[in-house]
Amino acid sequence: MSKRPQDDRLLKGFIAFGIAAALLHFGDLLLDSHIELFNGIAYFSFSWITAVFFLPFISGIIVAYIFGGGGKWLAVFPPLLVRVMALYQVTNSPLPDHMSREPVGWWGFFLILIMESAMIGGVVGEVINKRTYGRRAKNVVYKKN
């Protein structure tokens with residue numbers, strides 16, 4: 001029996017998703033950033049900026065590089081899963097001192113920022129993977145001399 005190309009693509013998708021979700025989860029643990037909790041102006045720290053913009057960007061690059069074409073669309077789902085799991089954990093645990101839960105509207109806004117950052121990383125990952133951007137194949141765009 002021969003393997004269908006769709007099976008490889010599905011496996012690549014699961015691997016890329018898992019690696020990106022692990023990077024985001026363990027990055028949040030290392031940075032000790034809690035997007036779902038608010039503690040005043042100190043909330044907007046370097047670790048928060050890293051968790052909202054840089055980690056999702058890197059995870060998007062990884063997803064698109066592993067998955068290939070269309071990876072920018074898959075790149076938005078690992079941050080969504082990780083952030084929803086973190087929100088569930090925060091809502092079902094006692095709050096630390098001097099912290100409050102982020103209002104759902106603001107949390108949703110930050111979630112959109114995180115997902116957009118991951119998609120931009122996905123676009124960069126596709127460009128790295130393909131060496132060009134667009135629908136046309138590389139051999140159509142560049143002629144061999």
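The largest cavity of this predicted model has a volume of about 30 Å³, where a cavity is a set of points, on a 1 Å grid over the protein atoms alone, at which a 1.4 Å probe fits but cannot get out, and where a volume is the space filled by probe spheres set on points joined across faces, edges and corners. The structure holds one cavity of 30 Å³ or more. Its lining, meaning residues with an atom within 4 Å of a point, consists of Leu24, Asp28, Ala51, Pro56, Pro79, Val82, Arg83 and Ile114. Helix 1, helix 2 (46–67) and helix 4 are the elements that give two or more residues to this lining, and helix 4 supplies the largest share, three residues.

Two sentences on conventions are needed here. Residues are numbered from 1 along each chain as its sequence is written. Because the model is predicted, local features need pLDDT of at least 70 and side-chain atom pairs count only at pLDDT 80 or more, while totals for chains, interfaces and linings use all residues; side-chain values use heavy atoms, with hydrogens and water left out.

Of the 145 residues in the chain, 34% are buried, that is, under 20% relative accessible area, whereas exposed means over 50% and partly exposed lies in between, with a 1.4 Å probe and protein chains only. Contacts are heavy atoms within 4.5 Å, and among those in the chain with a separation of 6 or more, 75% join residues 24 or more positions apart.

Helix 4, residues 77–91, has 15 residues and reaches 21 Å from its first C-alpha to its last, close to the 21 Å expected at 1.5 Å a residue, the expected span being 1.5 Å times one less than the number of residues. Its buried residues are Pro78, Pro79, Val82, Arg83, Ala86 and Val90. Seen down the helix axis, these buried residues fall within an arc of 120°, so they line one face of helix 4, the arc being that of the directions from the axis to the C-beta atoms.

Helix 4 also gives the most to the lining of the largest pocket, with six residues. A pocket is an open set of grid points with protein on both sides within 12 Å along at least five of seven lines. About 330 Å³ of space lies in this pocket, which is lined by 18 residues, of which Ser33, His34, Ala86, Gln89 and Val90 lie nearest its centre.

In helix 5 (residues 104–130) is Ala118, which is buried with a relative accessible area of 0%. Not counting residues up to four places away in sequence, Ala118 touches Pro56, Phe57, Ser59, Gly60, Ala75 and Pro79. Ser117 lies in helix 5 as well and, at 8% relative accessibility, counts as buried; its contacts, with neighbours within four places left aside, are Val52, Phe53, Pro56 and Phe57.

Asp32 is found in the loop between helix 1 (5–31) and strand 1 (37–38). Asp32 has a positive phi of about 55° although it is not a glycine, and at 54% relative accessibility it counts as exposed.

Terms used. Helices (H or I, at least four residues) and strands (E, at least two) are DSSP runs, numbered from the N terminus.
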